[in-house]
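Have a look at it first, and then take the points one at a time.

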Amino acid sequence: MIQTLKKYAEQIAVDAGKWIVQNRSNMDKIQYKKNHLDLVTDIDRLSEERITRKILEIFPEHAIISEETQSIHKDFTSLDRDEYCWIVDPIDGTVNYVHDIPYYSISIGIVKNGKPIVGVVYDPNRDELFSAGQGLGAYVNGKKLQVSSRSLKESVLHTGYCASDWTTTSPLRHEFAKCYAKSRNIKIAGSASLDLAYVACGRIDGFWQRGLSPWDIAAGILLVTEAGGTVSGVDGSVLDLKTGDVMATNGSIQQQLKTILSEVDEDERTISI
Ligand code: 2AM
Ligand code: CA
């Protein structure tokens, strides 16, 4: 069953990915969700309709949690049930999409009993299809993925912030400064699912972000674990899809990264580099 679900998730993600690229020039409605940082376009909504219609044509009995409808209702109860639940981000990296920066993706995860069993992230700009099935390994365009073996000082790390997170109380800037001093480089690239795919394929070595939603991470975390990496909450706890705090690395830097991030005081004043 996992193989079959993966095959359909791959087809649906590639179809939607090609469609959003072809239709970028037709984008005519950009709306703010919470504020000017948190965008949604008519293409996000149409891509979501296209994806959910295809899923329900094939699997009418399956549950779907998808960003542009569920972000309003936040009904995540189907995540923990003994049923197949598709978790969809119709464009992950909408700010990049709007600005024509080619770093965004379609993310489709399938979860059963709270555990991701299929993860598909499609980058339409590079035509790269990252996919994983539970216990089946992770692949990009058919090539098996393996996380890197770099040390922290050789590492490139990605992080990010959610629209409402970049406030005076956010510890991110301090975490950023602290990790910057201990690694090769840090980037805010703008698509959490693609960041996780990049950890899985060893291009980067770690990623962390707080306050994400299940659709940003459900697919990507399976890519990382199936490629031999480690995922947890930012504090090292067991990852909770609903909390959305994620740290994902090649495994060898997980403990060091956790220690560095935990040294940053929430009040942001005690940091010393
Ligand atoms: P999006 O493009 O689908 O909104 C950017 O650092 C990453 O964070 C992207 O994956 C982006 O997803 C996500 N993101 C941005 N704002 C968010 C929010 N308010 N809640 C959850 N995820 C968010
Ligand atoms: Ca999105």
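This is a predicted model: local features need pLDDT of at least 70, side-chain atom pairs count only at pLDDT 80 or more; totals for chains, interfaces and linings use all residues.

1. Aspartate 89 and isoleucine 91 are both buried.

2. Next, the sheet. Seven strands make up an open sheet with mixed pairing, in the order β3-β4-β5-β6-β7-β8-β9. Its edges are β3 (63–66) and β9 (143–144), each of which pairs on one side only. In general, the strands of a sheet pair through backbone hydrogen bonds, in either a parallel or an antiparallel way.

3. For a closer look at one pair, pick out strand β5 (residues 105–112) and strand β6 (residues 115–123). Seven bridges join β5 and β6, and the pairing is antiparallel. Isoleucine 106 stands opposite tyrosine 122 of β6.

4. Now for the helices on this sheet. Helix α7 (residues 214–226) packs on it and touches β3, β4, β5, β6, β7 (128–133) and β8 (137–140). The direction of α7 makes about 100° with that of β6. Helix α2 (residues 42–58) lies across β3, β4 (85–92) and β5, and runs at about 150° to β4.

5. Helix α5 (residues 172–182) deserves a visit of its own. Which of its residues are buried? They are Leu172, His174, Glu175, Lys178 and Cys179. These residues lie on the same side of α5 because they cover an arc of only 160° around the axis. As for their partners, the buried residues of α5 pack against β10 (156–159), β11 (185–188), β12 (206–209) and α8 (254–263).

6. Finally, the cysteines. How many disulfides are there? The count comes to zero, taking a disulfide to be a pair of cysteine sulfur atoms within 2.5 Å. Cysteine 179 counts as buried because its relative accessible area is 1%, and buried means under 20%. Cysteine 201, with a relative accessible area of 18%, is therefore buried too.

Key:
Residues are numbered from 1 along each chain as its sequence is written. Chains are lettered from A and ligands numbered from 1 in the order in which they are written. Side-chain values use heavy atoms; hydrogens and water are left out. Buried means under 20% relative accessible area, exposed over 50%, partly exposed in between (1.4 Å probe, protein chains only). Two strands pair if DSSP finds at least two bridges between them. Helices (H or I, at least four residues) and strands (E, at least two) are DSSP runs, numbered from the N terminus. Contact means heavy atoms within 4.5 Å. Axes are lines fitted to C-alpha atoms, for helices over the stretch in contact, and angles run from 0 to 180 degrees between N-to-C directions. The arc is that of the directions from the helix axis to the C-beta atoms.
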